[in-house]
Amino acid sequence: MALPGREISVGWALFLWDGRIGRRVFILGTLFWMMTNAAVIAFVTGQSADDISPGSFSLFLTTASLSLVSLLMLGTKRLHDIGMPGPVSVLLLLPAFSLILFFVLCVWPSVEDDNRYGPGPDLRSS
């Protein structure tokens with residue numbers, strides 16, 4: 001959940017570090033970025049080699065960078081939800097640990113009570 005007094009929004013879920021999110025929000029956020037990156041890659045690679053402009057490459061780099069940071073933010077909030085510190089989300093960048101940590105974040109149940117990262121998430125989204 002967001003900090004008390006802060007409204008829950010898509011912008012908060014995707015682009016802020018604080019708070020807690022349940023499994024559903026984490027999975028939906030991850031799927032959003034996967035689909036966005038797939039659409040951009042399809043757009044860029046769908047052009048012929050002569051038509052690929054520097055703007056297309058910039059679009060790809062911008063989207064990939066934005067999704068990487070947002071996925072770290074989603075991972076941090078999900079780790080907060082299970083009572084772990086957010087910096088552990090850096091393991092999502094390491095190929096040896098990323099699939100294992102992603103699987104754990106998708107299946108590990110939320111801590112229902114308040115913890116040091118905030119109040120418990122909405123049980124409908126866990």
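Predicted model: local features only at pLDDT ≥ 70, side-chain atom pairs only at ≥ 80, totals over all residues.
Colleague: In what order do the elements run from the N terminus on?

Modeller: Elements here are DSSP runs, numbered from the N terminus: helices are H or I with at least four residues, strands are E with at least two. The chain has four helices and zero strands. From the N terminus, then, the order reads α-α-α-α.

Colleague: How are α2 and α3 oriented to each other?

Modeller: Helix α2 (residues 23-45) packs on helix α3 (residues 54-81) at about 170°, with the axes 10 Å apart. Axes are lines fitted to C-alpha atoms, for helices over the stretch in contact, and angles between N-to-C directions run from 0 to 180 degrees. Under 35 degrees is roughly parallel, over 145 roughly antiparallel, 65 to 115 roughly perpendicular, and the rest oblique. So α2 and α3 come out as roughly antiparallel.

Colleague: How many residues of that α2 with α3 contact are nonpolar?

Modeller: Contact means heavy atoms within 4.5 Å, and the pairing includes Phe 26, Trp 33 and Val 40 in α2 against Leu 59, Phe 60 and Leu 74 in α3, among others. Ala, Val, Leu, Ile, Met, Phe, Trp, Tyr, Cys and Pro count as nonpolar, Asp, Glu, Lys and Arg as charged, and the others, Gly among them, as polar. Nine residues are polar and two charged, while the nonpolar ones number twelve.

Colleague: What about α2 and α4: which orientation do they have?

Modeller: Their axes come within 8 Å and cross at roughly 135°. That angle is why the pair is classed as oblique.

Colleague: Which residues of α4 make the contact with α2?

Modeller: The residues of this contact divide into six nonpolar, one polar and one charged. From α2 come Arg 23, Phe 26, Ile 27 and Thr 30. Facing them in α4 are Phe 102, Leu 105, Cys 106 and Val 107.

Colleague: How far apart are the end C-alpha atoms of α2?

Modeller: The expected span is 1.5 Å times one less than the number of residues. For the 23 residues of α2 that gives 33 Å, which agrees with the end-to-end distance in the model, 33 Å.

Colleague: Is Ser 89 buried or exposed?

Modeller: Ser 89 is in the loop between α3 and α4. Leaving aside neighbours within four places in sequence, Ser 89 contacts Leu 72, Gly 75, Thr 76, Leu 79 and Leu 101. At 3% relative accessibility, Ser 89 therefore counts as buried.

Colleague: And what is the C-alpha to C-alpha distance from Val 88 to Leu 101?

Modeller: Val 88 also sits in the α3 to α4 loop, and with a relative accessible area of 23% it is partly exposed. Not counting residues up to four places away in sequence, Val 88 touches Leu 79 and Leu 101. Val 88 and Leu 101 are 13 residues apart in sequence, and their C-alpha distance is 9.2 Å.

Conventions: Residues numbered from 1 in each chain as written. Heavy atoms only, no water. Buried < 20%, exposed > 50% of the residue type's maximum accessible area, 1.4 Å probe, protein only.
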